Amino acid sequence: MKIIIDEFERLARCKGYRSGNELFKELGGGRSAYQCIKAGNRVGEEIVKAIYNKFGEKVLTEVVDMEEETISGLKSKSIVIAGKLY
């Protein structure tokens with residue numbers, strides 16, 4: 001899975017963050033990790049779950065290229081409690 005950087009940056013600004021980096025840190029990622037993501041590396045499942053939990057399924061599909069993964073597949077690998085993935 002990969003973050004769609006332009007959409008992620010747009011989401012960050014719309015939600016009041018100064019940058020995608022600030023939002024990424026809020027989601028549990030590190031500054032150097034975000035630089036790697038911006039360079040085209042894949043994002044970890046924990047960050048994808050954090051995006052899902054914070055913003056919901058619709059936003060997740062807008063900012064993450066799920067590649068071969070599906071939302072159902074992501075949910076099946078997680079414990080779902082009150083609509084949140086753990």
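The legends below walk through several close-up views of a predicted model.

Residues are numbered from 1 along each chain as its sequence is written, and side-chain values rest on heavy atoms, with hydrogens and water left out. Because the model is predicted, local features need pLDDT of at least 70 and side-chain atom pairs count only at pLDDT 80 or more, while totals for chains, interfaces and linings use all residues.

**View 1. The rings of F8, F24 and Y34 form a cluster linked by ring pairs.**
Welcome to the aromatic side chains. The structure holds 3 aromatic pairs; rings of Phe, Tyr and Trp (its six-membered ring) pair if their centres lie within 6.5 Å, and planes under 30 degrees apart count as stacked, over 60 as edge-to-face and the rest as tilted. The centres of F8 and Y34 are 5.8 Å apart with planes at 40 degrees, so this pair is tilted. F8 belongs to helix α1 (residues 5–14) and Y34 to helix α3 (residues 31–38), so the pair ties together parts that are 26 residues apart in sequence. Helices (H or I, at least four residues) and strands (E, at least two) are DSSP runs, numbered from the N terminus. F24 and Y34 make a tilted pair too, at 5.2 Å centre to centre and 40 degrees between the planes. Here F24 in helix α2 (residues 20–26) and Y34 in helix α3 are 10 residues apart, and the pair links distant parts of the chain.

**View 2. Are the ring residues F8, Y34 and F24 buried or exposed?**
Buried means under 20% relative accessible area, exposed over 50%, and partly exposed in between (1.4 Å probe, protein chains only). F8 has 0% relative accessibility and counts as buried. Y34 is buried at 1%, and F24 is buried at 2%.

**View 3. Helix α4 (residues 45–55) is mostly covered.**
Of its 11 residues, 8 are buried: I47, V48, K49, A50, I51, Y52, N53 and F55. What do these buried residues pack against? Their partners are α1, α2, α5 (57–63), β2 (64–65), α6 (71–76) and β4 (84–85), where contact means heavy atoms within 4.5 Å. Just after α4, G56 takes a positive phi of about 95 degrees.

**View 4. K49 is a lysine in helix α4.**
At 7% relative accessibility, K49 counts as buried. With neighbours within four places in sequence set aside, K49 is in contact with L74, K77, S78, L85 and Y86.

**View 5. The largest nonpolar core has 27 residues.**
A nonpolar core is a set of buried Ala, Val, Leu, Ile, Met, Phe, Trp, Tyr and Cys residues joined through side-chain atoms within 4.5 Å. Which members touch the most other members? They are F8, L23, F24, V43, I51, L60 and V64. Two or more residues come from each of α1, α2, α3, α4, α5 and α6, and the largest share, 6 residues, comes from α4. Not counting residues up to four places away in sequence, V64 touches M1, K2, I3, I4, V48 and I51.

**View 6. E9 sits in helix α1.**
This glutamate is buried yet has no salt bridge, a salt bridge being a side-chain nitrogen of Lys or Arg within 4 Å of a carboxyl oxygen of Asp or Glu. The nearest side chain of opposite charge to E9 is R13, 4.2 Å away; Lys and Arg count as positive and Asp and Glu as negative, while His and the chain ends are not counted. Leaving aside neighbours within four places in sequence, E9 is in contact with S19, G20, N21, Y34 and K38.

**View 7. E67 and A82 lie in loops.**
E67 is in the loop between β2 and α6. Its phi is near 50 degrees, a positive value in a residue other than glycine. E67 is partly exposed, with a relative accessible area of 37%. A82 is found in the loop between β3 (80–81) and β4. The phi of A82 is near 55 degrees, again positive in a residue other than glycine. A82 is exposed, with a relative accessible area of 79%.

**View 8. How many disulfides does a search of the whole structure find?**
The search finds 0, a disulfide being a pair of cysteine sulfur atoms within 2.5 Å. C14 is exposed, with a relative accessible area of 56%, and C36 counts as partly exposed at 39%.
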